[in-house]
Structures are given as structure tokens and as C-alpha cells.
Amino acid sequence: LEHKIAKANENQALVFESETRNEKVMVQSNDLICIKAEGNYSLFLYAMNGSIQSKLLRLSLKNAEAIIGDNQLFSRSHRSYIVNTEKIKKIKSVGNSYQLWVEGLSEPLPASRQNISDLKSNINLIWTVSSFVLAKAALFNQNRTNIHHKNAIFHNQQKTDLKNIKA
């Protein structure tokens, strides 16, 4: 689980180079929203400077997926799409398939029945990691609060003891 947690939190630089080697997309994994197959091309949608950018490269989706490797942020949602699971805001069942409502996009992305279980498990991993990190932060803050509270009680007890000694 620790290895998966590290991978899920990893923000790595991704470089996608066209098969003709004359164009490339360089993006941080957290900024990449999705990749859409368009024949032998891939359309990259990513956040940059507060807006959504797109770039079409002559690169198959299969080769783009190989570049992503085992980064747990990404999942194949459909034969034509790879999506950043951290960006998914809602999954809606529509007939025999699903729609993914993704941060930064005004239209939903398709998700096939075959890929939805892997997609959901990646989302759950990221939620588990986020919950784990939030729980650790909450526990840390609670411990700090308890220490401050115990210190306040101790100092109040010392003041009371001093008053009793003087009396």
C-alpha cells in the first residue's frame, strides 16, 4: 500500500513526443486532464496558467499510455480516453456505459463498462490516500490541541497552587 500511496501522490513531469519527433507536450501529471485518441493522433487536454490548453500530437493512445507508465493518477476510461482520476468530479450511469464529469471540461467524457471497475478502484485509491493524509493531519492537529489544553490546565494548576501557598 505504501508504494501505491507514493505513486498516487506523485506529481511527475511527463513528456509526450510525436512519432515524427518534431513536436512534444511537456506537462506535470497533476495538470494533465485527459488524453483523447483521434486515429493515429492523441489530443492532450491540460491546465496551464489557469486555462485549459489542448495539443494534438501524432502519437497513438497506446504509446501515450506507455509514457504514463504505472502512474496511479491515470486510468483508461474508454478505448479512446485516458483520464486523470483526480480530476473526476462525478460518474453517471447512462444506459450501458458511463459518463465522467471532469474538472475543467464542460462536456462529459465516456467510460465503458469494461473499464469502470479499474477506474473506480483508482479513484478509491486516491480517495483513500487523501483520506489517510487528511486523517493524519487531523490527528496531528488534535494532538497539538490536546497538548495546548494540557499545558493550560498545568499552568492554571500551578497558579492555584501558588495562591494556596501565599494564603
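In which order do the three strands of the open sheet lie, and is their pairing parallel or antiparallel? The views below begin with this sheet. The model is predicted, so local features need pLDDT of at least 70 and side-chain atom pairs count only at pLDDT 80 or more, while totals for chains, interfaces and linings use all residues. Residues are numbered from 1 along each chain as its sequence is written, and side-chain values use heavy atoms, with hydrogens and water left out.

**View 1. The open sheet has the strand order 8-9-10, with antiparallel pairing.** Strands are DSSP runs of E with at least two residues, helices are runs of H or I with at least four, and both are numbered from the N terminus. Two strands pair if DSSP finds at least two bridges between them. Strand 8 (88-94) and strand 10 (109-111) are the edge strands, each pairing on one side only. On average, neighbouring strands of the sheet are turned by 30° against each other, direction ignored; the axes are lines fitted to C-alpha atoms, for helices over the stretch in contact, and angles run from 0 to 180 degrees between N-to-C directions. Three bridges join strand 9 (residues 97-102) to strand 10 in the antiparallel sense. Leu-100 stands opposite Leu-109 in strand 10.

**View 2. Strand 1 and strand 2 form a hairpin with six residues between them.** In the turn, Arg-21 has a positive phi of about 65°. Strand 1 (residues 13-17) pairs with strand 2 in the antiparallel sense over five bridges, and Leu-14 stands opposite Val-27 in strand 2. Buried means under 20% relative accessible area, exposed over 50%, and partly exposed in between (1.4 Å probe, protein chains only).

**View 3. Ser-112 lies in the loop between strand 10 and helix 3 (113-166).** Ser-112 is buried because its relative accessible area is 14%. Not counting residues up to four places away in sequence, Ser-112 touches Ser-77, His-78 and Tyr-98, where contact means heavy atoms within 4.5 Å. Ser-112 and His-78 are 34 residues apart in sequence and 5.2 Å apart in space, C-alpha to C-alpha.

**View 4. Asn-71 lies in the loop between helix 2 (61-68) and strand 6 (74-78).** Asn-71 has 3% relative accessibility and therefore counts as buried. The side chain of Asn-71 makes a polar contact with the side chain of Gln-12 (2.6 Å). A polar contact is a pair of N or O atoms within 3.5 Å; within protein, one must be able to donate a hydrogen and the other to accept it, and residues adjacent in sequence count only if both atoms are side-chain atoms.
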